[in-house]
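Student: I have a model open and want to learn how to read it. Where do we begin?

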Amino acid sequence: MPAHPYFYHTQRNVVDQIDIKLTPEALDLTAVVRKVESEAAGGTCVFVGTVRGSTKGKPVVRLEFEAYAPLALSEMRKIAEALMQRLPLIRIAIHHRIGSLQIGEIPVIIAVAAAHRKAAFEACEYCIDTLKETVPIWKKEIFTDGEVWVSAHP
Amino acid sequence: MKLKLLAFGIAKDILHDRTIEYDLRSGTTIAMLRDALCADYPEFRRLTSISFAVNDEYVSETHVLQDGDEVVLIPPVSGG
């Protein structure tokens with residue numbers, strides 16, 4: 001990239017290296033991993049979130065996810081962009097599902113490819129940790145005797 | 001000035017609706033809107049937090065609202 005005397009930190013153009021998806025359809029693990037494939041990659045770190053069968057010992061019937069889509073997409077993109085600028089990564093994919101999910105189904109898949117594994121591991125963890133803090137997606141647990149929006153109350 | 005509020009998650013349950021209109025005086029900030037919501041719907045006080053977005057960006061407490069703004073109510077998020 002051309003160096004300019006007034007800019008000490010040059011932003012890479014990372015538009016093509018980021019794949020963000022929000023969908024009611026079942027996620028496809030192979031497809032997400034393919035999104036980050038590159039012959040420059042030495043390692044790909046993948047996080048797969050899954051719906052647990054119980055919360056604090058209480059059986060869960062299913063989860064329901066909803067999202068404020070425009071902001072969810074832009075916030076997921078922001079997380080990926082920040083990581084692409086900060087760490088030596090090749091590609092990032094973040095796919096999140098919304099709607100009704102059964103036990104064992106997959107609400108989120110994150111894949112990060114890098115030349116070397118250290119950056120991929122770090123980015124993958126940061127990605128899911130930050131998504132859980134900033135992305136406007138909400139999950140509701142459905143029990144046999146009621147429904148609870150996760151984390152809504154202290 | 002008229003605001004359109006768009007509610008998600010538990011906020012939608014509290015308002016019993018996805019969208020509602022609010023009529024507030026001009027110069028109203030997010031902090032003032034939050035106070036009005038908590039006064040009209042005390043259940044909002046029980047939430048761990050509530051954030052707001054305008055024009056698809058998070059906004060701070062001091063953000064000044066304009067007539068016709070669409071404000072998104074963002075209760076504690078729980079994605080992933």
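Tutor: Begin with charge pairs. This is a predicted model. Over all chains, the rule counts twelve salt bridges.

Student: Which residue does E75(A) meet in a salt bridge?

Tutor: The partner is K78(A), with N to O at 3.1 Å. Both residues sit in helix α2 of chain A. They are three residues apart, about one turn of the helix.

Student: How many salt bridges are counted between chain A and chain B?

Tutor: Two. In one of them, K78(A) pairs with E57(B). Their closest N and O atoms are 3.6 Å apart. The cut-off is 4 Å, so this pair counts.

Student: Which elements of chain A touch chain B?

Tutor: Those giving two or more residues are β5 (62-67), α2 (69-86), α3 (117-134) and β9 (137-143). By class, this side of chain A has 17 nonpolar, five polar and six charged residues.

Student: How many residue pairs are in polar contact across the interface?

Tutor: The rule finds 14 between chain A and chain B, counting pairs with both residues at pLDDT 80 or more.

Student: How do I put a size on an interface?

Tutor: Accessible area lost when the parts come together is often used. Here chain A and chain B bury about 2,100 Å² between them. Carbon and sulfur atoms carry 55% of that. Y68(A), W138(A) and H153(A) supply 30% of the area that chain A buries against chain B, more than any other three residues. As for residues in contact, chain A brings 28 and chain B brings 22.

Student: Next, pockets. How is empty space found?

Tutor: Roll a probe the size of a water molecule over the atoms, and it shows where empty space is left. In this model, the largest pocket holds about 270 Å³.

Student: Which residues lie nearest the centre of the largest pocket?

Tutor: T50(A), R52(A), L63(A), K139(A) and G80(B), out of 17 lining residues. The lining divides into eight nonpolar, five polar and four charged residues.

Student: Last, the overall layout. How many helices and strands does chain A have?

Tutor: Three helices and ten strands. From the N terminus, the order is β-α-β-β-β-β-α-β-β-β-α-β-β. The C-alpha trace of chain A spans about 65 × 30 × 25 Å along its principal axes.

Notes. Residues numbered from 1 in each chain as written. Chains lettered and ligands numbered in written order. Predicted model: local features only at pLDDT ≥ 70, side-chain atom pairs only at ≥ 80, totals over all residues. Heavy atoms only, no water. Contact = heavy atoms within 4.5 Å. Buried area = accessible area lost by both parts, 1.4 Å probe. Salt bridge = Lys/Arg side-chain N within 4 Å of Asp/Glu carboxyl O. Polar contact = N/O pair within 3.5 Å; in protein donor to acceptor, adjacent residues only side chain to side chain. Helix = DSSP H or I, 4+ residues; strand = E, 2+ residues; numbered from the N terminus. Nonpolar A, V, L, I, M, F, W, Y, C, P; charged D, E, K, R; others polar. 1 Å grid on protein atoms, 1.4 Å probe; cavity = no way out; pocket = protein on both sides within 12 Å on 5 of 7 lines; lining within 4 Å. Points joined across faces, edges and corners; volume = space filled by probe spheres on them.
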